[in-house]
Amino acid sequence: MGDNLDLKTEIKHRLLGLSDQQVLDIYRAMVLARKVDERMWLLNRAGKIPFLVSCQGHEAAQVGAAYALNQSNDFLCPYYRDMGMAIVFGMTAKELMLAAFAKAEDPNSGGRQMPCHYGSKQNRILSTSSVVASQVPHAVGIALSGSIMGEAFVVLTSFGDGASSQGEFHEAANFAGIHRLPVIFLCENNKYAISVPYNKQVASESIAARASGYGFPGVVVDGNNPLDVYEAVKEAADRARRGGGPTLIEAVVDRPVPHSSDDDDRTYRTSEEIEEAKKNDPILSFSRYLKEAGLLDERTELDMHERIEHEVDEATEYAERAEDAAPEDALKHVYALAGGESGDRHLIY
């Protein structure tokens, strides 16, 4: 981590209006996301869950961003890596594990979605799709509906750097800019679109620079620092609520693991590069910040980690024993147009 987490004359989180307990909560959410993620890797390698898209290295950006929103009023349109955001908005370790095991109790889809596809109506999380960048125009549509109905909520949509090159992103940004909609576009730039490095997918110096073409601000922040991300998202949300329109935030992060459990990043990254990414671990740097601020010591941190590990153990055991979804449930919420003998068409499901 760089100087952004160093303590200077004032303690940064207090300058941002965050209490000591709030930053401890931010740290706890980051650790919970990491430990659930690490357990899912083990379960995948053991053949117990089919797939994983890891949040490792992104936790600070995700938790800092979600924490800056109003979780009871604002909306999330996340992408498949956003476990930290889902946790802040109310998803539990048990729910995440139920989804990973594709159990009937999975609140995202009853076991019908792939793992890491978050969606919770009660938590205001739009269901995630595997289609890259498809959530971005959905977020703009939600923001438009809120503006039409006079509701004062903000929509945050997140995506990777590769998604910023998709047409859906540009069409959504253009529409949001024209209509000054209350949308925050958060790009979690881990410098790889799966295996394609940043310099082979983006010609501009930064992804944030693209915002000027659509008539709204673009900012770059250190995505390894949850306080920097919190500050940027809070400012963007406040601006959106005042009618100031959208903001594009580029949170630069490191991805210390493969793109997914089906990827082998050793084919396109050197071991030295991977080790360097691991050195920028946001959980380690934020732990140092909290200790320097006098909010955390070794014993307290160990106790927190042990409690979280116990929580993950219980969630894993519960999900593994839970009822599988019934085979016929695969057809729930699946609709098709069918023609009868008379040629008339009707909806079946």
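## Exercises on a predicted model

The protein has 11 helices and nine strands; helices (H or I, at least four residues) and strands (E, at least two) are DSSP runs, numbered from the N terminus. The model is predicted: local features need pLDDT of at least 70, side-chain atom pairs count only at pLDDT 80 or more, and totals for chains, interfaces and linings use all residues. Residues are numbered from 1 along each chain as its sequence is written, and side-chain values use heavy atoms, with hydrogens and water left out.

**Exercise 1.** Compare the radius of gyration of the protein with that of a compact globule.

*Solution.* 
- The radius is taken over C-alpha atoms, and the globule rule is 2.2 Å times the number of residues to the power 0.38.
- For 349 residues, a compact globule would have a radius near 20 Å.
- The protein has 21 Å, which agrees.
- The C-alpha trace spans about 80 × 50 × 40 Å along its principal axes.

**Exercise 2.** State what share of the residues is buried and what share of contacts joins residues at least 24 apart.

*Solution.* 
- Buried means under 20% relative accessible area, exposed over 50%, and partly exposed in between (1.4 Å probe, protein chains only).
- By this cut-off, 53% of the 349 residues count as buried.
- A contact means heavy atoms within 4.5 Å.
- Among contacts between residues at least 6 apart in sequence, 71% join residues at least 24 apart.

**Exercise 3.** Locate alanine 133 and arginine 180, give the phi of each, and classify their accessibility.

*Solution.* 
- Alanine 133 lies in the loop between α5 (93-100) and α6 (135-149).
- Although alanine 133 is not a glycine, its phi is positive, about 75°.
- At 2% relative accessibility, alanine 133 counts as buried.
- Arginine 180 is found in the loop between α7 (167-179) and β3 (183-189).
- Arginine 180, a residue other than glycine, has a positive phi near 50°.
- Its relative accessibility is 48%, so arginine 180 counts as partly exposed.
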